[in-house]
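This report is meant for someone who is meeting the structure for the first time. Please look over the sequence and the model before reading on.

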Amino acid sequence: MASEALIDSDLHDLQLLNKGKVRDVYATSDPNLLLFVASDRISAYDVILRNGVPDKGKVLTKISLFWFDKLKHVIPTHFVTANIDEMPEEVRKYKEILEGRAMLVKKAKVVPLEAIVRGYLAGSGWAEYKKSGTVHGIPLPPGMVESQKLPEPLFTPSTKAEQGQHDENISPERAASIIGQELYSKVERAALQLYKEAADFALTKGLILADTKFEFGLIPAADGSGDELILVDELLTPDSSRYWPAASYAPGGPQPSFDKQYLRDWLTKVGFRKGLESGPEGKEGQGWLMDQSVVEGTRKRYLEALEMLTGSGL
């Protein structure tokens, strides 16, 4: 039986630094460490739904921890510990709320790009290809169909928008101009390697990793030689990735998925379009409320992804 969804973490004695679409970020008594709490909030099309998906934050945390460990040879990460007993004293008293959904992480200067890697033609990439034969301005072979595997995985960055705004797909050239060519090259190289290794592993578990979004940050290098690039935020979860069942893969249309697509499809069906982020009533709306069947369907898909990838549930 699922527990109630945790919409807000409300750790009253800690300083809340940021409330994102899913994560609440708190300061700790160590100026170099932050507390990341994965709530059960869920968003689609930059809309945060009023009701959450029970245990979703725990699923995201467990999948991220799995991938942090599996891919740690590619690039260092911000992860320090998920053991509440190893966290600063002021955090430990919230153990009952935080167990299974919190991580202590290194404080980093976030690179202002969404580092998206696409291995298949889907989502906004497919929408652009139909219009212009390109993805993020990158030309692709003619005659490709929806969900087709790309000749090579593509690094297709987008801007990192403020909450409530839409990320904007941009060309590699524009991305490099925003963060500098040297840093861009490091981010691109790391993102492509992370994607390729994760996609190869996922396939052995019966999952196609169609695309994913990474986030990177900079911390002072241990040897004092400048900044070190690290992986931040979550990693390869159903919130940041498109996972398809390999057994039923059939290019030429949309695929069943273990991610937010189920929710996106429902939102579209009930009338969501850009401009209605605040709810079906428009700007004065109170937000969108998921039907219970959508909550349960989304939860089921997230749990299936966890079990297929890691071999265990919650």
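## Overall layout

Into which domains is the protein divided? In this predicted model, the division gives domain 1, which covers residues 16-106, and domain 2, which covers residues 109-248. The centres of the two domains, taken over C-alpha atoms, are separated by 22 Å.

The protein contains eight helices and 16 strands, and its C-alpha trace spans about 60 × 50 × 40 Å along the principal axes. A compact globule of 314 residues would have a radius of gyration near 20 Å, so the value of 19 Å found for the protein agrees with that expectation.

## Where the domains touch

The size of an interface is often given as the accessible area lost when the parts come together. Between domain 1 and domain 2 about 2,100 Å² is buried, and 65% of this area lies on carbon and sulfur atoms. On the side of domain 1, the residues Asp46, Trp67 and Ile75 supply 27% of the area that this domain buries against domain 2, which is more than any other three residues supply. The contact as a whole draws 26 residues from domain 1 and 25 residues from domain 2.

## Polar and charged links between the domains

Across the interface of domain 1 and domain 2, nine residue pairs are in polar contact, counting pairs in which both residues have pLDDT 80 or more. On the side of domain 1 that touches domain 2, helix H1 (56-70) and strand E7 (102-106) each supply at least two residues, and H1 gives the largest share, with eight residues.

Two salt bridges are counted between domain 1 and domain 2. Elsewhere in the description of charged pairs, the side chains of lysine 56 and aspartate 239 meet in a salt bridge, with 2.8 Å from N to O.

## Salt bridges in the whole structure

Side chains of opposite charge can pair when their charged atoms come close. A search of the whole structure finds 15 salt bridges, and one of these pairs is formed by the side chains of lysine 19 and aspartate 8, at 2.3 Å from N to O. Because lysine 19 lies in strand E1 (residues 16-19) while aspartate 8 lies in the segment before E1, this pair ties together parts that are 11 residues apart in sequence.

Key. Residues numbered from 1 in each chain as written. Predicted model: local features only at pLDDT ≥ 70, side-chain atom pairs only at ≥ 80, totals over all residues. Heavy atoms only, no water. Domains from an automatic or database assignment. Contact = heavy atoms within 4.5 Å. Buried area = accessible area lost by both parts, 1.4 Å probe. Salt bridge = Lys/Arg side-chain N within 4 Å of Asp/Glu carboxyl O. Polar contact = N/O pair within 3.5 Å; in protein donor to acceptor, adjacent residues only side chain to side chain. Helix = DSSP H or I, 4+ residues; strand = E, 2+ residues; numbered from the N terminus. Rg over C-alpha atoms; globule rule 2.2 N^0.38 Å.
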